Amino acid sequence: MNNLIIKNKNIEAVIFDIDGTILDSTGIWYEVDKAFFKKRGMDVPPDYVEKIGHIGLNQAAIYTKETYHLEESLDEIINEWLTSVKEFYKHHVDTKPHVIEFIKILKEKNIPICCATANNTECYINGLGKHQLLEYFNFILEVDQSENKSSPKIYFDALTSLKKINNNINVSNCLVIEDLNIAVKTAHMAGFITCGVYDKGSLKYQEDIKNNSDFYIKDFNELIKLIK
């Protein structure tokens with residue numbers, strides 16, 4: 001295994017979020033939310049994205065149904081969301097600037113990389129597959145297989161699997177890359193190296209994200225330039 005030095009941080013492994021971090025996809029989810037609530041005579045609640053963006057579709061459906069007293073079943077809510085986004089992921093989703101170059105650098109240096117995501121398999125498989133990125137990741141862990149990102153468990157579960165690839169990997173040399181405030185804060189408080197990624201879906205939380213990030217970037221080229 002080769003190590004990677006970014007500024008003064010020794011990186012042995014990387015855990016990526018997917019939406020808003022690798023894929024520029026949070027905008028379509030906001031449009032889905034707008035259409036979903038408009039259909040029910042409501043505006044998107046101001047804290048809705050922060051409440052549900054890290055918990056996975058199943059838990060998001062439970063939260064939405066219970067909080068807004070919806071008559072639809074959980075399956076009906078999830079299917080309404082997925083019907084709106086699956087084709088977008090398959091045909092239209094773009095990547096964040098220069099993230100593919102960064103991922104390829106990690107692979108060239110034999111740095112184990114994985115994803116920890118709150119998204120649904122049907123979506124992220126299409127999105128990553130569209131850009132031929134699936135082959136680069138050692139595995140993808142979903143919150144439904146662990147816990148949502150308000151808990152560090154998903155990152156420690158990913159770390160346990162990464163250690164099977166390289167036993168030298170530990171929390172202090174594992175980089176977590178996220179765009180959502182609560183996820184960056186969770187990883188930072190757990191002792192991981194953190195990189196916050198600018199995303200228009202989290203604009204009002206940018207200062208908090210910066211405060212919980214060892215690195216903060218608007219473009220992955222900024223991170224590439226920091227590699228020693």
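**View 1. Lys 210 pairs with Glu 207 in helix H9.** Lys 210 is partly exposed, at 37% relative accessibility (buried means under 20% relative accessible area, exposed over 50%, partly exposed in between; 1.4 Å probe, protein chains only). Its salt bridge to Glu 207 has closest N and O atoms 3.4 Å apart (a salt bridge is a side-chain nitrogen of Lys or Arg within 4 Å of a carboxyl oxygen of Asp or Glu). Helices (H or I, at least four residues) and strands (E, at least two) are DSSP runs, numbered from the N terminus.

The model is predicted: local features need pLDDT of at least 70, side-chain atom pairs count only at pLDDT 80 or more, and totals for chains, interfaces and linings use all residues. Residues are numbered from 1 along each chain as its sequence is written, and side-chain values use heavy atoms, with hydrogens and water left out.

**View 2. Salt bridges that share partners join Lys 39, Arg 40, Glu 72 and Glu 80 into one network.** Lys 39 bridges to Glu 80, with 3.8 Å between the closest N and O atoms. Lys 39 sits in the loop between H1 (26-38) and H2 (48-52), and Glu 80 in H4 (residues 74-91), 41 residues apart. Lys 39 is exposed, at 60%. Arg 40 meets Glu 72 at 3.1 Å, N to O. That pair spans 32 residues, from the H1-H2 loop to the loop between H3 (57-67) and H4. Arg 40 is buried at 19%, whereas Glu 72 is partly exposed at 25%. The salt-bridge count for the model is twelve.

**View 3. Strand S6 (residues 174-178) has five of its five residues buried.** Side chains in a regular strand alternate between the two faces of the sheet. Cys 174, Val 176 and Glu 178 are buried on one side of S6, Leu 175 and Ile 177 on the other. S3 (residues 13-16) runs parallel to S6, joined by four bridges (two strands pair if DSSP finds at least two bridges between them). Phe 16 stands opposite Ile 177.

**View 4. S6 also pairs with S7 (residues 193-197), in the parallel sense.** Four bridges join the two strands. Val 176 stands opposite Thr 194.

View 5. The model's count is zero (a disulfide is a pair of cysteine sulfur atoms within 2.5 Å). Cys 123 is buried, at 0%. Cys 195 is buried, at 1%.
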